[in-house]
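Welcome! Here is a short tour for anyone meeting this structure for the first time.

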Amino acid sequence: MDEKGLSREEVLRLLEEYRKQDMSYSSGRILGSMCTCSHPLAREVYCSFLESNLGDPGLFRGTRDLESRVIGMLGALMGNADARGHIVTGGTEANLMAMRAARNMSETKKPEIIVPRSAHFSFRKAADILRLELREAELDDNYRVDTSSVSDLISDDTVAVVGVAGTTELGMIDPIPELSEICLEEGIHLHVDAAFGGFIIPFLREAGYELPEFDFRLPGVSSITVDPHKMGLAPIPSGCILFRDESSLDAMSIDTPYLTEKQQSTIVGTRTGASAAATWAVMKHMGREGYRKLALKVMGVTFKLLEGLRGLGYIPVTEPELNIVAFNHPSIPPGELAGLLESRGWAVSVASCPPAIRVVLMPHIREEHIEIFLGDLEGLI
Ligand code: 0PR
């Protein structure tokens with residue numbers, strides 16, 4: 001650090017130089033991200049709650065109330081208004097908490113978890129941190145988990161089964177109703193990772209899309225991850241972990257004798273209340289109607305891309321269930337195609353299973369961006 005401080009103007013000028021190197025969502029060029037421009041109201045509220053600390057909630061009773069109300073709203077959206085949980089930093093922390101609760105509630109000395117091959121890498125982190133053996137279940141021809149493979153992997157040491165509602169690479173929804181039946185019968189914690197899908201599947205269902213149930217309405221579902229900072233339009237960091245009831249939180253609670261609250265179940269100690277306040281604000285402002293419109297809009301852009309790709313001779317690898325399209329060029333391998341697109345200013349990502357270019361049609365991607373993107377793809381066919 002320098003001895004003398006710089007002026008405010010000088011600091012801001014220097015920062016602008018750094019910011020210029022970043023990409024922006026509003027350019028429409030970020031095609032492989034699950035994050036997006038946060039809602040302007042959420043941004044404003046976030047800044048005004050910057051100093052609130054939910055690690056010591058007795059000092060910030062109003063913000064704690066906002067967190068409980070967000071949990072109540074999301075619980076109700078997921079079919080259980082009595083769900084308990086917390087606003088956390090994102091899907092990784094939420095999944096870690098779910099695995100921790102499941103492990104702590106079991107007696108086994110050699111805990112194992114079963115996750116689909118398509119599960120997000122956060123479960124590998126959780127397995128490593130919590131010393132869980134990770135078993136991967138096979139996928140079916142549509143890249144959804146094969147429930148017979150899950151059944152085959154279950155043992156006396158299985159503490160949790162994971163199903164994904166909106167896979168990271170392809171946006172596929174695992175057969176959660178079947179997993180619910182299996183887990184109910186075996187008495188195993190079923191965690192649903194709806195980090196991406198949680199803020200779109202319920203609204204598409206309301207709008208008449210035929211998508212399977214995936215939430216607490218299924219009796220075998222014990223916990224759900226849903227991230228407001230993905231399709232919820234909340235600023236980063238905003239994730240949410242929901243448990244069917246308080247017992248899962250109790251299984252992780254640690255005494256915090258000198259704080260205003262005597263027990264804590266979250267992993268993080270000092271933690272911002274700004275995420276909870278901003279998420280509350282955006283959910284109250286959008287309402288179900290606002291999110292339903294948004295869901296239909298992104299699906300419209302998704303189908304436009306899909307149709308355009310087919311028209312040009314590109315090959316989609318699945319029929320999309322949500323707003324993710326993965327596709328291949330008839331001859332250029334996906335890694336090479338991603339490079340060619342990058343040189344034309346597009347940030348796409350490459351899926352691994354199966355290898356394909358992956359485009360996430362987040363709200364910042366509009367029809368006009370897709371038209372330009374398809375124009376560039378046409379030049380490569
Ligand atoms: N579960 C699922 C199903 C996910 O897709 C993700 C992240 C997580 C959990 C973990 O969430 P956090 O990253 O919030 O902890 N999915 C995206 C991915 O890994 C995250 C992402 C977002 C990556 C924006 C890149 C990016 O630009 O692809």
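The shell around the ligand takes at least three residues from each of two domains, domain 1 (8-38 + 289-378) and domain 2 (41-284). Domain bounds here come from an automatic or database domain assignment. Please keep in mind that this is a predicted model: local features need pLDDT of at least 70, side-chain atom pairs count only at pLDDT 80 or more, and totals for chains, interfaces and linings use all residues. Residues are numbered from 1 along each chain as its sequence is written.

**Around the ligand**
- The ligand is surrounded by 16 residues, and the closest are Ser33, Gly90, Gly91, Thr92 and Thr168; a residue counts as near if its C-beta atom, placed from the backbone, lies within 6 Å.
- Helix α4 (residues 91-104) provides the largest share of this shell, 3 residues. Helices (H or I, at least four residues) and strands (E, at least two) are DSSP runs, numbered from the N terminus.
- Sorted by class, the shell holds 9 polar, 5 nonpolar and 2 charged residues. In this sorting, Ala, Val, Leu, Ile, Met, Phe, Trp, Tyr, Cys and Pro count as nonpolar, Asp, Glu, Lys and Arg as charged, and the others, Gly among them, as polar.

**Where the two domains meet**
- The C-alpha centres of domain 1 and domain 2 are 26 Å apart.
- Across the boundary, 20 residues of domain 1 are in contact with 27 residues of domain 2, where contact means C-beta atoms, placed from the backbone, within 7 Å.
- On the side of domain 1 that touches domain 2, α10 (274-312), β11 (324-328) and β12 (349-352) each supply at least two residues.
- Of these contributors, α10 gives the most to that side, with 5 residues.
- That side of domain 1 has 12 nonpolar, 5 polar and 3 charged residues.

**The sheet and its helix**
- An open sheet is formed by 7 strands in the order β1-β7-β6-β5-β4-β2-β3, with mixed pairing; two strands pair if DSSP finds at least two bridges between them.
- At the edges sit β1 (84-88) and β3 (133-137), each pairing on one side only.
- From one strand to the next, the twist averages 20 degrees.
- Strands β2 (residues 112-116) and β4 (residues 158-164) pair in the parallel sense over 3 bridges, and Glu112 has Thr158 in β4 as its bridge partner.
- Helix α4 lies across β1, β2, β4, β5 (189-193), β6 (221-225) and β7 (239-243), and runs at about 25 degrees to β7. Axes are lines fitted to C-alpha atoms, for helices over the stretch in contact, and angles run from 0 to 180 degrees between N-to-C directions.
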